[in-house]
Every structure is written in structure tokens, then in C-alpha cells.
Amino acid sequence: MASTSSPSGPEDPRPSADEAARALADISRHRDRTHSSATHSRWVYVLFGVVLFAFLAAPDFLGAAADGWSSAALGALTVGYVVLLNTRGGSALLGQPVRPRRQEISGRFRSYALVILLAVVLAGFAVPLLAPDWHLGVPYWRTAVGAVGGAALAVFGPSWQRALLSAAVRGGGHVGKSALDGPR
């Protein structure tokens with residue numbers, strides 16, 4: 001990358017200011033392209049939005065018997081999703097050819113994510129135990145929550161995933177060493 005326009009002459013191995021600016025712009029463009037490759041395809045968010053709606057609305061339309069099988073089916077679907085996400089073929093099917101390296105995820109982000117996940121799981125166990133006879137007087141409230149949640153996931157899912165990726169990667173998206181694995 002020697003430049004004849006460098007103040008030190010043609011022997012100077014440093015790039016000119018224009019070359020350095022172009023190189024930094026290329027790095028930024030490639031990083032952004034790689035970050036967008038680390039997110040799922042839009043159809044995955046739409047499908048999971050529809051599935052979320054269906055599982056939440058099932059008890060409203062199919063009765064209390066749907067509570068038992070819909071929770072088990074949602075659990076099985078979640079396990080299947082994680083298995084797909086951690087295999088080459090599965091992640092290619094989901095439209096996510098790259099993912100962040102585990103070493104590049106900041107410890108602070110991991111701690112916050114673990115605390116939030118633990119709080120959600122504990123709330124999921126505590127709410128039914130503390131108030132077993134809750135009955136909202138709103139008909140089809142599960143359907144409404146499923147519709148709002150499913151639509152939000154379908155519409156905002158990719159931007160949420162990119163925001164989490166940007167927050168999780170060490171340095172907060174600064175230009176530098178790539179924090180993403182290559183093709184799996």
C-alpha cells in the first residue's frame with residue numbers, strides 16, 4: 001500500500017490519508033455486512049411470530065386442555081430451534097451463516113443476560129404458584145397478547161437481534177478485529 005503522494009516519498013510504507021480512510025470505510029462496510037449475516041432471515045421471525053400467536057391463542061379457542069400440550073409443544077419447539085441454531089445445516093436453514101464467537105461476547109453482557117433469563121424463569125414458576133386462581137375478566141386475553149407479541153416479533157425481530165448483537169460484542173461495534181465466526 002505504498003503511496004507516491006505520501007509526505008515521506010515513495011519509500012514510506014504507510015498509506016496516504018485517502019487510502020487509510022477508504023480502508024476504514026471498507027472495514028466498516030464489511031463489518032456491517034457480517035453483522036447482518038449474523039441475524040436470522042425475516043421468514044424465521046414471521047414464522048415464530050405466528051407460532052407464538054398460535055400457542056398463546058390455543059387455550060382461548062380449544063379450551064383448558066390446550067394448556068398442557070401447548071406448553072410441551074412450545075418447549076419442544078424451543079429445543080429444536082436451539083439444536084438447529086447450533087448445527088451447520090440448521091443455521092443455514094435459518095438463514096444465519098455466521099454467529100458471534102463466544103470469546104467475543106462481553107462478560108458484562110453475559111451476566112445481564114443470565115440474570116434476566118433467570119428472573120423470567122423464576123417468574124414463570126412463581127406466578128402460577130402464588131396466584132393459582134387468577135382469572136382475568138377479559139375474554140380472549142391470551143389471543144390479544146399472542147397477536148401483539150407475534151406481530152412485534154415478526155416486525156421488530158431482526159432489529160432486536162442486531163441491537164443485541166451490537167451490545168453483546170466486545171467494544172460495542174467498534175472497528176477492529178472481527179468478532180464473528182466465518183461460515184459454519
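Trainee: Okay, helices (H or I, at least four residues) and strands (E, at least two) are DSSP runs here, numbered from the N terminus. Where does W160 lie, then?

Mentor: In helix 6. Before we go on: the model is predicted, so to speak of local features we need pLDDT of at least 70, side-chain atom pairs count only at pLDDT 80 or more, and totals for chains, interfaces and linings use all residues. Residues are numbered from 1 along each chain as its sequence is written, and side-chain values use heavy atoms, with hydrogens and water left out.

Trainee: Got it. How many helices and strands does the protein chain have?

Mentor: 6 helices and 0 strands. From the N terminus the order reads α-α-α-α-α-α.

Trainee: Back to W160. What does W160 count as at its relative accessibility?

Mentor: Partly exposed, at 44%. The classes are buried under 20% relative accessible area, exposed over 50% and partly exposed in between, with a 1.4 Å probe and protein chains only.

Trainee: And what does W160 touch, not counting residues up to four places away in sequence?

Mentor: A152 and L153. Contact here means heavy atoms within 4.5 Å.

Trainee: Switching to T143. Is T143 buried or exposed?

Mentor: Buried, because its relative accessible area is 14%. T143 is in helix 6 too, which covers residues 141-168.

Trainee: Which residues is T143 in contact with, leaving aside neighbours within four places in sequence?

Mentor: F53, L56, A57, D60 and F61. With D60 there's a side-chain to side-chain polar contact of 2.8 Å. A polar contact is a pair of N or O atoms within 3.5 Å; within protein, one must be able to donate a hydrogen and the other to accept it, and residues adjacent in sequence count only if both atoms are side-chain atoms.

Trainee: How do helix 2 and helix 6 cross?

Mentor: At roughly 165 degrees, with the axes coming within 8 Å. That makes the two helices roughly antiparallel. Axes are lines fitted to C-alpha atoms, for helices over the stretch in contact, and angles run from 0 to 180 degrees between N-to-C directions. Under 35 degrees counts as roughly parallel, over 145 as roughly antiparallel, 65 to 115 as roughly perpendicular and the rest as oblique.

Trainee: Which hand is the crossing of helix 2 and helix 6?

Mentor: Right-handed. The near helix is turned clockwise from the far one in a right-handed crossing; left-handed is anticlockwise, by less than a right angle.

Trainee: At what angle do helix 2 and helix 3 pack?

Mentor: About 165 degrees, for helix 2 (residues 42-62) against helix 3 (residues 65-85), with their axes 9 Å apart. So helix 2 is roughly antiparallel to helix 3. This crossing is left-handed. Residues making the contact include F48 and F55 of helix 2 and W69 and Y81 of helix 3.

Trainee: Loops now. Where is S106 found?

Mentor: Between helix 4 (88-93) and helix 5 (107-130). S106 is buried, at 16% relative accessible area. A polar atom of its side chain lies 3.1 Å from the backbone nitrogen of F109.

Trainee: And what is phi of Y140 near?

Mentor: 60 degrees, a positive value in a residue other than glycine. Most residues other than glycine have a negative phi. Y140 sits in the loop between helix 5 and helix 6 and is partly exposed, with 46% relative accessible area.
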